[in-house]
Amino acid sequence: MKKIGVLTSGGDAPGMNAAVRAVVRTGCENGMQVMGIERGYTGLINGEMYEMNLRTVSDIIHRGGTMLYSARCPEFKTQAGIDKAAESCRKNGIDGLVVIGGDGSFRGARDLSLSGIPCVGIPGTIDNDIACSDYTIGYDTAMNTIMEMVDRIRDTTESHDRCSVVEVMGRSAGYLALNAGIAVGATTILIPEVPYDIERDVIERMRRTQKTGKKHFIIIVAEGIGGVEALAREIEEKTGVESRATILGHVQRGGSPTVRDRVAASEMGNYAVKLLQNGIGNRVVAMQKEKVVDFDIYEALNMKKSIDLNLYKVAHEISI
Ligand code: ADP
Ligand code: F6P
């Protein structure tokens, strides 16, 4: 392949820039032209792109967000949208495409591959919810951000003998909540993958803990469960502990990526271009047992990821 494109799609994630940098530099160093496509599939359809070089990706490795911007593109979910995108690739001489995003973006990459443009996906999402990969770019930074934010919430929670109910991101996955919940010593963690009962898992646990002398509590709730305001009110009514709800929100998606995210993004970006260089498309790059590997996009999209139930048990056994 002589000319490739790179885009970022769906929710941005810290480390996407490091991945773009790796794609551009690997492409350039291997004699390819690399087009940076702005605003994901929307930019591809509209032909919003420019040629990148070694220097256009200088000074981005440490920045959150994505220098290529990101978007959700409803039109791309239609055959007409995919046809326009494939046509835009042909018109601009793009032989292959690197798509950095989540599983929605990979569905798009699968459809575009079917239309004759070989695509390689790189998992970029703070949710860590890509089944074929143990790890997704942005996850570590987001967990650390949550930990820092909740540590601050803990200071004021403790000062007032309160309970803080904190909602963390994760559209339908509890990885962020579970791991960050352990890191902040949450009394209870509620995630969509594990059935829960408010009376048993929140109120009773708090009462038991109160008997041991504990006076302040952190409850972590995954976004997929939600309802933190109502839960805080219920806790206050039933336990008498003054409670506050906090939705951490988009602060979790920003910030300078951690070492882990920068390194994973660099390795994956390099690997993706090597696949295209060898004429291999329709693949998703993934991390398995700390090694970068790749899967067929269809296979990757059909895989299921489960939460570590043992970790969930550990979390609750030691948070009393
Ligand atoms: P993520 O990639 O983070 O999961 P989204 O689900 O928002 O984010 O998807 C990003 C983009 O991928 C969408 O705006 C759309 O353009 C494309 N996409 C999502 N789902 C599909 C689908 N089923 N078929 C084709 N394209 C899709
Ligand atoms: O997929 C990443 C994510 O941050 C989810 O955790 C969250 O549910 C969603 O994106 C939020 O999307 P938006 O930025 O459109 O509100």
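**Questions on a predicted model**

Guide: In this predicted model, helix H9 has these buried residues: Asp261, Ala264, Ala265, Met268, Gly269, Ala272, Val273, Leu275 and Leu276.

Visitor: What puts these residues on the same side of H9?

Guide: They cover an arc of only 155° around the axis, and therefore they lie on the same side of H9.

Visitor: How do you know that the end-to-end span of H9 agrees with its number of residues?

Guide: Helix H9 runs through residues 259-277 and has 19 residues. The expected span is 1.5 Å times one less than the number of residues, which gives 27 Å for H9. The end C-alpha atoms are 27 Å apart, so the two values agree.

Visitor: Which residue with a positive phi follows H9?

Guide: Gly279 follows H9, and its phi is near 75°. Helix H6 is likewise followed by a glycine, Gly185, with a positive phi near 65°.

Visitor: What is buried in H6, and what covers it?

Guide: In H6, residues 175-183, the buried residues are Tyr175, Leu176, Ala177, Leu178, Ala180 and Gly181. Their cover includes helices H5 (139-159) and H11 (309-317), together with strands E6 (163-168), E7 (188-190) and E8 (217-222).

Visitor: Why is Ile126 called buried?

Guide: The term applies under 20% relative accessible area. Ile126 has 3%, and therefore it is buried.

Visitor: Where is Ile126, and what does it touch?

Guide: Ile126 is in the loop between strand E5 (119-123) and H5. Beyond residues up to four places away in sequence, Ile126 touches Ala13, Pro14, Ile137, Gly138, Tyr139, Ala142, Met169, Leu176, Gln252 and Arg253. One of these contacts, Leu176, is among the buried residues of H6. Between Ile126 and Gly102 there are 9.2 Å in space, C-alpha to C-alpha, and 24 residues in sequence.

Visitor: What makes the phi of Asp161 worth noting?

Guide: Most residues other than glycine have a negative phi. Asp161 is not a glycine, yet its phi is positive, near 50°. Asp161 sits in the loop between H5 and E6.

Visitor: Why is Asp161 called partly exposed, and what is Glu290 called?

Guide: Asp161 has a relative accessible area of 39%, so the term partly exposed applies. Exposed means over 50%; Glu290 is at 64% and therefore counts as exposed. Glu290 lies in the loop between strands E10 (283-288) and E11 (291-296), and its phi is also positive, near 70°.

Visitor: How much space lies in the largest pocket, and what lines it?

Guide: The largest pocket holds about 730 Å³ of space. It is lined by 30 residues, and the closest to its centre are Gly10, Gly11, Arg72, Gly104 and Arg171. Helix H4, residues 103-114, gives the largest share of this lining, 7 residues. By class, the lining has 12 charged, 11 polar and 7 nonpolar residues.

Visitor: What is known of the second largest pocket?

Guide: The second largest pocket holds about 270 Å³ of space. Of its 15 lining residues, Asp103, Asp129, Ala131, Met303 and Lys305 are the closest to the centre. The elements giving two or more residues are H4 and helix H10 (297-302), and H4 gives the most, with 3. By class, there are 8 nonpolar, 6 charged and 1 polar residues in this lining.

Definitions and conventions. Residues numbered from 1 in each chain as written. Chains lettered and ligands numbered in written order. Predicted model: local features only at pLDDT ≥ 70, side-chain atom pairs only at ≥ 80, totals over all residues. Heavy atoms only, no water. Buried < 20%, exposed > 50% of the residue type's maximum accessible area, 1.4 Å probe, protein only. Helix = DSSP H or I, 4+ residues; strand = E, 2+ residues; numbered from the N terminus. Contact = heavy atoms within 4.5 Å. 1 Å grid on protein atoms, 1.4 Å probe; cavity = no way out; pocket = protein on both sides within 12 Å on 5 of 7 lines; lining within 4 Å. Points joined across faces, edges and corners; volume = space filled by probe spheres on them. Nonpolar A, V, L, I, M, F, W, Y, C, P; charged D, E, K, R; others polar. Arc of directions from axis to C-beta.
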